[in-house]
Amino acid sequence: MIQTLATKSAEVMGYDGTIVFSVDVSDLHKAIAWYEEVLGLELAYVMEEIGWCELKTATPKVTIGLSQVEKVSVGNTTPTFGITDIEKARAHLEAHGVRFAGPTQTVAGMVKLATFYDPDGNSYMLAETLPSQG
């Protein structure tokens, strides 16, 4: 029996099928309006305190995340993989010599994040959703 890439990825990394394409923007609300009006995406949520939002695409479990930053790096999109156990996934990648941008970051009550790089220096991110508080 041939094992599909999705099945193998879920087994090895704990991949949950979610992908977020993270995009830097200079003005979060202006960008939200553009993505809604021009691309027809639907706003899923906004987290004002960290300058972040996600917009739904027509593909289930695939979203565009907008991150407000002081200086936008054009062409710097970071695909983010939803993971069920970030420590396990990180350990797997580190065992294969993958370089990370630093320690895993936690946004309380929301998500754990870890940025890593492919051999050419392209950035990717792991994200483990945390249980809601409240």
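1. Buried is taken here as under 20% relative accessible area, exposed as over 50%, and partly exposed as in between (1.4 Å probe, protein chains only). By that scale L39, with a relative accessible area of 47%, is partly exposed, and its place is in the loop between helix 2 and strand 2, where helices (H or I, at least four residues) and strands (E, at least two) are DSSP runs numbered from the N terminus.

2. The model is a predicted one, in which local features need pLDDT of at least 70 and side-chain atom pairs count only at pLDDT 80 or more, while totals for chains, interfaces and linings use all residues. Residues are numbered from 1 along each chain as its sequence is written, and side-chain values use heavy atoms, with hydrogens and water left out.

3. Helix 2 (residues 28-37) has L28, A31, I32 and Y35 buried. Seen down the axis, these buried residues fall within an arc of 105°, taken from the directions from the helix axis to the C-beta atoms, so they line one face of helix 2. The exposed residues K30 and E37 sit on the face turned away from that buried side.

4. In helix 3 (residues 86-95), the buried residues are I86, A89, R90 and L93. They cover an arc of only 100° around the axis, which puts them on the same side of helix 3. After this helix comes G97, whose phi is positive, near 75°.

5. Three salt bridges are found in a search of the whole structure, each being a side-chain nitrogen of Lys or Arg within 4 Å of a carboxyl oxygen of Asp or Glu. In one of them K112 pairs with E87, with the closest N and O atoms 3.0 Å apart; K112 lies in strand 8 (residues 111-117) and E87 in helix 3, so the pair ties together parts that are 25 residues apart in sequence.

6. Another salt bridge joins E94 to R90, with the closest N and O atoms 2.9 Å apart; both residues lie in helix 3, four residues apart, about one turn of the helix. E94 counts as partly exposed at 40% relative accessibility, whereas R90 is buried, with a relative accessible area of 14%.

7. A further point for checking is K61, in the loop between strand 3 and strand 4, whose phi is near 70°, a positive value in a residue other than glycine.
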